[in-house]
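Please look through the structure below with the briefing beside it.

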Amino acid sequence: MSQKMIKQVLITGCLLSLFSCSFEPKEQVDTLIKNGQVYTGIHGEAQALDIVLCGDIICGVYPQGDHNVIAKIVIDAKGKVVSPGFIDPHTHSLAELYSQDKNHNLNYLTQGVTTVINGNDGEGPVDIAKAAEDLEANGIGTNVGLLVGHGSLREEVMGRAQRFATKEDLDEMSLLLTKAMEAGGLGLSSGLYYVPGSFANTEEVVTLAKIASKYGGVYDTHLRDESTFNIGLSAAIDEAIHIASAANIHLHLAHIKALGVDVWGQSKNVIEKVEQAQASGLSISADQYPWLASGTKLHSAVMPKWVMADSKEAFYKRLNDPKLAEKLRSEITENIRRRGGPKSLLITAFKNQELVGLTLAEVANKRSSDAITTAIQLVQEGDVRVASFNMSPQDVEKFMIQPWVVTSSDGTNGHPRKYASFPKKYQKYVVEKKLLTLADFIKKSSSQTAEILGLDNRGKLVKGYKADIIVFNPKTFSAKADFSTWNQYSTGIEHVMLNGELVIHQGKYLKKLAGKFVN
């Protein structure tokens, strides 16, 4: 039978058939994700869509079945949620990303996080170009973006000196920041609670924030005070708003909270201040982790800032100076009280494993000593990380439902937030408490965060965007880490596409390092 006759038979068959026929050639694509409940990051509710990937780009978003493609990889997401990969705006994951054995960043991938931001709290590398090159050369398991740390800039120029910056100091810091922003920095971060950032006055930060603003960056800040340690939470919010207004820059409040019994209930006042500033035209957002305990190093939690000035040697000398003992013990006592007392400070990471899992009160008892003396001893024995149980559920929930607050982890060793913040928020506040809808949770974990950071081609399932996509089981997506076992991987993430590459398939990591430096 000739080709002409075959074609005629096919046409006749189509005409007699109840179904339509198409002779259009099928489009060859790399990946097809079909049959899922798709949240694009734009529309509120789930949609019945199929997502098509070509290389590292989303090249098609179609009503389910309404396409003509042949894919090398087909993922059937029936009964599953298909979402943009989550973006964590506040992590401390550079040590892992620079390493040879943890650069897969699997503790974030298994939470559904495909992009992590570093350089928060005023920390991180000053040389953004070198950091980006080194990270990609090492191979990284997630995308990474970098803020430029004010504390790092200050330490590069001034060390840990307890003084205001001179004009010459500011000129040097400004040059370093300009170079960093031109190399792809996402903005300026500050940690005005921490040394050396705590030694800076407001105008120093304004000067630098103006440079970040010039390059379209954000001002991300760990407030000077989240409690009553120095100027107070309310005044610290005022300072942050002033900096953003004076520098004409978007303000992002890091890990927003009311820390300690002295400021419980002040979430209402903070929210009112933010809304008033927004109404006046200022652009403001915040991130939050879903835990009642914060986490930091013991010396940052309870030691006065003046003690930590200059070098470690100077710090230790002051700790042991009899002339300073009365003042020192008085201030440490008050700082411990602010955080809920020695029973509320849980040691989560320390070289002496026998003390991990004990509270400061328990360690003091073990040493037949008092909490103040024990704290002074511990900070001289090495880095001690503590979880501080200091937040009220009411404040956490009030902040969480604000339309300008997104999801983060602030992940640090010893605290389960590093392994479980996103599923924890989903479990507790979407499934159990129904404080947020699933659509709210996904938006606050992806597209909204991308918009805040200026990541214009990520965070949404839209044609032309980068293919960072997760598929998770809404019934099994859950946190496994807690304060007794802080480093357990979360479950329920079944597939992860990172820059178009399948890196987790059917819940198993495929040992691919597909992450990129993003800006």
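Is Ser 446 buried or exposed? Ser 446 has a relative accessibility of 0%, so it counts as buried (buried is under 20% relative accessible area, exposed is over 50%, and partly exposed lies in between, with a 1.4 Å probe and protein chains only). This is a predicted model, in which local features need pLDDT of at least 70 and side-chain atom pairs count only at pLDDT 80 or more, while totals for chains, interfaces and linings use all residues. Residues are numbered from 1 along each chain as its sequence is written, and side-chain values use heavy atoms, with hydrogens and water left out.

**Confidence**
- The protein chain has a mean pLDDT of 94, and 95% of its residues reach 70 or more, where pLDDT is the predictor's confidence in each residue, from 0 to 100.
- Over residues 1-23, however, the pLDDT is below 50, and this stretch has five contacts in the model beyond near neighbours in sequence (a contact means heavy atoms within 4.5 Å).
- Where pLDDT is low, the predicted coordinates should not be read in detail.

**Surroundings of Ser 446**
- Ser 446 sits in the loop between helix H17 (438-445) and helix H18 (447-453); helices (H or I, at least four residues) and strands (E, at least two) are DSSP runs, numbered from the N terminus.
- Leaving aside residues up to four places away in sequence, Ser 446 touches Pro 84, Gly 85, Phe 86, Ile 87 and Gly 459.

**Salt bridges**
- The count of salt bridges comes to 24, each being a side-chain nitrogen of Lys or Arg within 4 Å of a carboxyl oxygen of Asp or Glu.
- One of them joins the side chains of Lys 273 and Asp 238, at 2.8 Å from N to O.
- Because Lys 273 lies in helix H9 (residues 267-279) and Asp 238 in helix H8 (residues 233-247), the pair ties together parts that are 35 residues apart in sequence.
- Lys 273 counts as buried at 18% relative accessibility, whereas Asp 238 is partly exposed, with a relative accessible area of 36%.
- Arg 337 forms a salt bridge with Asp 262, and their closest N and O atoms are 2.7 Å apart.
- Arg 337 belongs to helix H12 (residues 325-338) and Asp 262 to the loop between strand S12 (250-253) and H9, so this pair ties together parts that are 75 residues apart in sequence.
- Arg 337 is partly exposed, with a relative accessible area of 33%, and Asp 262 also counts as partly exposed, at 30% relative accessibility.
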